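Let's take a friendly walk through this model, starting with charged side chains and moving on to the nonpolar ones. Please keep the structure open while you read.

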Amino acid sequence: MAEAKLDEAARFLEAPLDAGDPLRFHTADFAEMQRTTCHLDPGTPTHAVAILQNKVAAPPVTHHRDRALYMTRLGLAHAAVNAMVGVRKRRS
């Protein structure tokens, strides 16, 4: 259900907006970042890692904030994956 709603939001955000529209900063990239958050919260961080690894290489070198955001979330996703592996090892 959540994936379908995220797909719907991404399609909505792909539409061109006027310069004065308050949603102009909410782009398809923004929707993808929300998708990664949705994968981190319920415990499916491997999906977030896959998305974010592509995002880290995507922005131009001059987009420092975007790259920092992607790398920070990628670090969180990797930490979540490692935490899940640690829990599984302790249970066995």
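R35 is buried, since its relative accessible area is 8% and the cut-off for that label is under 20%. Please keep in mind that this is a predicted model.

**Salt bridges**

What does R35 pair with? The side chain of R35 meets that of E3 in a salt bridge, with 2.6 Å from N to O. Because R35 belongs to helix α2 and E3 to helix α1, this pair ties together parts that are 32 residues apart in sequence. R35 also forms a salt bridge with D7, at 2.8 Å from N to O. That pair again links distant parts of the chain, with D7 in helix α1 and R35 in helix α2, 28 residues apart. Seen as a group, E3, D7, E32 and R35 are linked in a network of salt bridges.

In total, the count comes to four salt bridges.

| Residue | Relative accessible area | Class |
|---|---|---|
| R35 | 8% | buried |
| E3 | 34% | partly exposed |
| D7 | 33% | partly exposed |
| K5 | 47% | partly exposed |
| E8 | 43% | partly exposed |

**Around H39**

E3 has another partner worth a look. A polar contact of 2.9 Å joins the side chains of E3 and H39. H39 lies in helix α2, which covers residues 28–40. Is H39 buried or exposed? H39 is buried, because its relative accessible area is 11% and under 20% counts as buried. Setting aside residues up to four places away in sequence, H39 touches E3, T44, P45, H47, A48 and I51.

**The nonpolar core**

A48, one of the residues that H39 touches, also takes part in the largest nonpolar core. Which residues make up this core? There are eight of them: M33, A48, V49, L52, V56, Y70, L74 and A77. Helices α3 (45–57) and α4 each supply at least two residues, and α3 gives the most, with four. In soluble globular proteins, nonpolar side chains tend to be buried together.

Leaving aside neighbours within four places in sequence, A77 is in contact with L40, P45, A48, V49 and L52.

L52 can also be compared in position with L69. L69 and L52 are 17 residues apart in sequence, and their C-alpha atoms are 9.8 Å apart in space. L69 lies in helix α4, residues 64–91. With a relative accessibility of 36%, L69 counts as partly exposed.

**A nonpolar patch on the surface**

Finally, turn to the outside of the model. F12, L17 and L23 form a nonpolar patch on the surface, and together they have about 270 Å² of accessible area. F12 sits in helix α1, which runs over residues 2–13. F12 is exposed, because its relative accessible area is 54% and the label applies at over 50%.

Key:
Residues are numbered from 1 along each chain as its sequence is written. This is a predicted model: local features need pLDDT of at least 70, side-chain atom pairs count only at pLDDT 80 or more; totals for chains, interfaces and linings use all residues. Side-chain values use heavy atoms; hydrogens and water are left out. Patches are made of residues with over 30% relative accessible area and no salt bridge: like charges are joined within 9 Å, nonpolar side chains (Val, Leu, Ile, Met, Phe, Trp, Tyr) within 5 Å. Accessible areas come from the Shrake-Rupley method with a 1.4 Å probe; for residues, only the protein chains shown count as cover. Buried means under 20% relative accessible area, exposed over 50%, partly exposed in between (1.4 Å probe, protein chains only). A polar contact is a pair of N or O atoms within 3.5 Å; within protein, one must be able to donate a hydrogen and the other to accept it, and residues adjacent in sequence count only if both atoms are side-chain atoms. Contact means heavy atoms within 4.5 Å. A nonpolar core is a set of buried Ala, Val, Leu, Ile, Met, Phe, Trp, Tyr and Cys residues joined through side-chain atoms within 4.5 Å.
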